[in-house]
Protein chains: 2
Amino acid sequence: MTRPTEALRPPTMADVAREAGVSHQTVSRVLSGHPNVRATTREQVTAAIERLGYRRNSAARALVTRRSRTIGVIAVDPTLYGPASTLAGLQEAARDEGYLVSTVTLRSGGGHALEDALDHLAAWGVEGAVAITPQRSSVQALARLAPPFPVVTVEGSHGLDIPGVSLDQELGARLVTEHLLATGHETVWHVAGPEDWLESAARTEGWRAVLEEHGIRPPRVLRGDWSPLSGYHAGQELAGLALAGRGAAPVTAAFVANDQMALGVLRALREAGIRTPQQVAVAGFDDIPEAGFFPPPLTTVRQDFTAIGRRSIQLLLEHIEGTAAGVEHVVVEPQLIVRASTRSQDGA
Amino acid sequence: MTRPTEALRPPTMADVAREAGVSHQTVSRVLSGHPNVRATTREQVTAAIERLGYRRNSAARALVTRRSRTIGVIAVDPTLYGPASTLAGLQEAARDEGYLVSTVTLRSGGGHALEDALDHLAAWGVEGAVAITPQRSSVQALARLAPPFPVVTVEGSHGLDIPGVSLDQELGARLVTEHLLATGHETVWHVAGPEDWLESAARTEGWRAVLEEHGIRPPRVLRGDWSPLSGYHAGQELAGLALAGRGAAPVTAAFVANDQMALGVLRALREAGIRTPQQVAVAGFDDIPEAGFFPPPLTTVRQDFTAIGRRSIQLLLEHIEGTAAGVEHVVVEPQLIVRASTRSQDGA
DNA sequence: CACTGGATTGTTAGCGCTCACACACGTCGG
DNA sequence: CCGACGTGTGTGAGCGCTAACAATCCAGTG
């Protein structure tokens with residue numbers, strides 16, 4: 001009684017054509033907004049589409065146009081606030097441009113991790129990819145692998161032959177360091193991120209440059225792995241140095257390479273009985289949502305992750321469309337956010 | 001001199017067939033691991049594939065098999081630690097099963113946001129989707145819309161006719177509340193999350209149930225929006241109540257519905273000169289990476305987000321493959337993490 | 001030595017769509 | 001009144017693949 005295959009197969013363009021009394025090609029024209037279709041015909045087709053609940057089959061479309069309208073994203077740790085926010089901005093932008101975003105997380109570092117990720121994306125025919133892989137090794141691998149589609153990096157390709165978007169990390173570090181010096185500190189200590197991370201290197205570089213410009217010999221760099229725990233350890237070391245009081249550089253200010261580690265540093269200092277900012281001022285980097293509620297609220301550098309995501313999509317699309325003018329590096333400006341952790345308060 | 005179109009078109013199955021001296025069907029058989037292919041033939045084909053750098057065209061494959069091997073994810077705010085972690089676990093699991101994961105973020109709440117997101121995914125022919133949309137309204141919309149592919153919720157479909165995976169939020173809240181009562185507190189105050197969130201409601205429910213089981217009349221519920229700032233405001237209110245000292249319920253313990261808000265509460269208490277945990281004990285929920293470094297380290301409930309992601313993919317695949325046994329609700333157990341914020345310390 | 005049956009391989013027909021082209025109409029200028 | 005043109009529409013081919021079927025080969029069997 002009921003039509004046999006109706007529920008099984010979604011309606012096709014031919015079905016719509018039959019329903020509207022036109023050819024499938026006319027349906028296609030209506031769907032792709034071709035101008036040369038009579039208004040009445042267009043309406044009939046639209047009505048038929050509506051009636052049948054028709055959707056264009058993206059696989060068939062991709063097959064013939066050779067365009068999947070899909071963009072891949074490779075992210076190292078999408079659990080971190082930065083990558084997660086970038087991802088969100090990127091996804092929004094891509095969607096506005098009519099692209100779907102497929103994400104692949106990089107299984108922790110292993111040698112072939114990046115290659116596998118690219119393979120996975122390639123197997124699904126993405127038209128391009130954004131790599132949020134801010135480690136030196138990853139970017140080098142990327143340059144070596146030469147994937148079959150354009151790739152844009154986020155915080156990656158400084159100086160390499162790959163287009164990318166990045167925050168001016170060095171400027172951010174400079175702003176913080178200048179700020180701390182301007183507050184009256186003799187020198188500024190630094191807790192860096194992992195050596196392999198480009199962001200980490202750039203932040204250290206900015207810090208070092210400012211000190212040297214002021215004729216200050218940079219103290220030894222402490223190093224963490226972005227985690228609060230590693231910051232805690234670094235903080236313990238700083239506390240020890242601060243209390244010892246001797247040695248070349250007095251510990252009265254520290255620029256920590258990200259907010260999470262700064263949280264750990266703050267904790268270690270507090271445990272050692274050192275007050276922030278009165279005895280040791282602390283600044284971070286990222287401006288995670290929690291930063292304003294740290295004890296004390298943290299001076300930090302705000303990154304506009306959403307803008308970074310948006311710009312990277314923009315850049316990638318230029319490369320996909322072929323309108324890109326060479327290998328461009330977009331740089332986004334950071335913003336210094338001054339809070340209590342570096343402000344000598346009146347009270348207490 | 002060079003072959004004309006070589007660089008333009010990636011090699012096709014026919015190219016491989018020619019190169020290997022077999023039919024394209026044999027190539028297809030090799031690729032899909034069909035058993036009835038002679039070993040020597042298989043090797044020739046494999047070699048030809050290697051030589052040409054051939055990859056199967058996923059669009060053509062999807063067209064004929066009617067399977068896109070793509071799964072969609074709808075996430076409300078992938079910037080939050082929970083959703084981000086779930087997403088990561090989910091993505092890993094899906095990849096292991098040979099699926100690509102495409103993400104769509106829900107533009108903040110708007111009426112048609114969910115519908116648009118589903119549309120977007122449907123347009124790309126996903127085989128199923130996971131919805132990380134823990135708001136009551138979203139889940140109701142989901143139930144109403146009946147998308148053309150199976151959908152599994154994360155923290156969503158309690159009691160609804162949609163399969164889903166969720167943490168036993170109520171149990172988590174119970175664990176915390178019991179713990180606080182066991183520590184000797186007369187009652188436990190509660191800072192809840194947004195009313196529209198199911199997780200929020202479940203946590204409040206668990207808290208209320210335990211108090212009532214102990215014959216304690218639950219104090220008025222304070223409410224935030226998950227953000228540290230909202231926690232800060234709630235904390236100010238709590239501090240006021242604590243210092244006022246009068247009123248029915250003494251403020252000596254608070255269960256805050258997530259760690260971020262707990263950070264704000266801690267800050268507000270500290271500013272009011274109230275010590276944690278000595279005067280007011282505070283517990284959170286989620287166990288974000290920072291929680292162990294809060295001032296003081298925060299007692300909280302750990303969620304295994306990775307497991308949740310994995311289980312949701314598993315569940316979704318069952319529905320895609322059609323092997324699902326009805327509308328299942330998978331529940332993951334939470335774990336209480338006791339830290340200093342609820343422990344009466346000896347010193348100070 | 002013809003005959004059966006499994007293993008191996010080839011042939012054919014689409015999947016649903018877009019592209020290139022062909023065709024039917026006008027309308028207009030010469 | 002005829003050809004050139006522009007508008008709207010239909011026709012045919014084919015994107016690269018898999019599924020169904022057909023064909024072939026080579027034992028082993030009676």
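In chain B of this predicted model, Thr153(B) stands opposite Gly164(B), a residue of strand E5(B). Strand E4 of chain B, residues 151-154, is joined to E5(B) by two bridges, and the two strands run parallel.

**Strand E5 of chain B**

- E5(B) also pairs with strand E11 of chain B, residues 329-332, in the parallel sense over four bridges.
- In that pairing, Gly164(B) stands opposite His329(B) of E11(B).
- Strand E5 of chain B covers residues 164-167; Gly164(B) and Ser166(B) point one way from the strand, while Val165(B) and Leu167(B) point the other way.
- All four of these residues, on either side of the strand, are buried.

**Glu115 of chain B**

- Is Glu115(B) found in a helix or a strand, and which one? Glu115(B) belongs to helix H6 of chain B.
- Glu115(B) counts as partly exposed because its relative accessibility is 33%, a value that lies between the limits of 20% for buried and 50% for exposed.
- Glu115(B) and Ser138(B) are 23 residues apart along the chain, and their C-alpha atoms are separated by 9.6 Å.

**Extent of the interface between chains A and B**

- How many residues of chain B are in contact with chain A? The contact involves 59 residues of chain B and 58 residues of chain A.
- The size of an interface is often expressed as the accessible area lost when the parts come together.
- Here the two chains bury about 4,900 Å² between them, and 56% of this area is on carbon and sulfur atoms.
- Arg95(B), Trp124(B) and Phe293(B) supply 17% of the area that chain B buries against chain A, which is more than any other three residues supply.

**Contacts and pairing across the interface**

- Two salt bridges are found across the interface of chain B and chain A.
- In a salt bridge, the side chain of Asp119(A) meets that of Arg55(B), with an N to O distance of 3.4 Å.
- Several elements of chain B each supply at least two residues of the side that touches chain A, including helix H5 (81-96), strand E2 (100-105) and helix H6 (113-123).
- The residues on that side of chain B divide into 29 nonpolar, 16 polar and 14 charged.
- Strand E2 of chain A, residues 100-105, pairs with E2(B) in the antiparallel sense over three bridges.
- Within E2(B), Ser102(B) is the residue that stands opposite Ser102(A).

Conventions:
Residues numbered from 1 in each chain as written. Chains lettered and ligands numbered in written order. Predicted model: local features only at pLDDT ≥ 70, side-chain atom pairs only at ≥ 80, totals over all residues. Heavy atoms only, no water. Contact = heavy atoms within 4.5 Å. Buried area = accessible area lost by both parts, 1.4 Å probe. Salt bridge = Lys/Arg side-chain N within 4 Å of Asp/Glu carboxyl O. Nonpolar A, V, L, I, M, F, W, Y, C, P; charged D, E, K, R; others polar. Pairing = 2+ DSSP bridges. Buried < 20%, exposed > 50% of the residue type's maximum accessible area, 1.4 Å probe, protein only.
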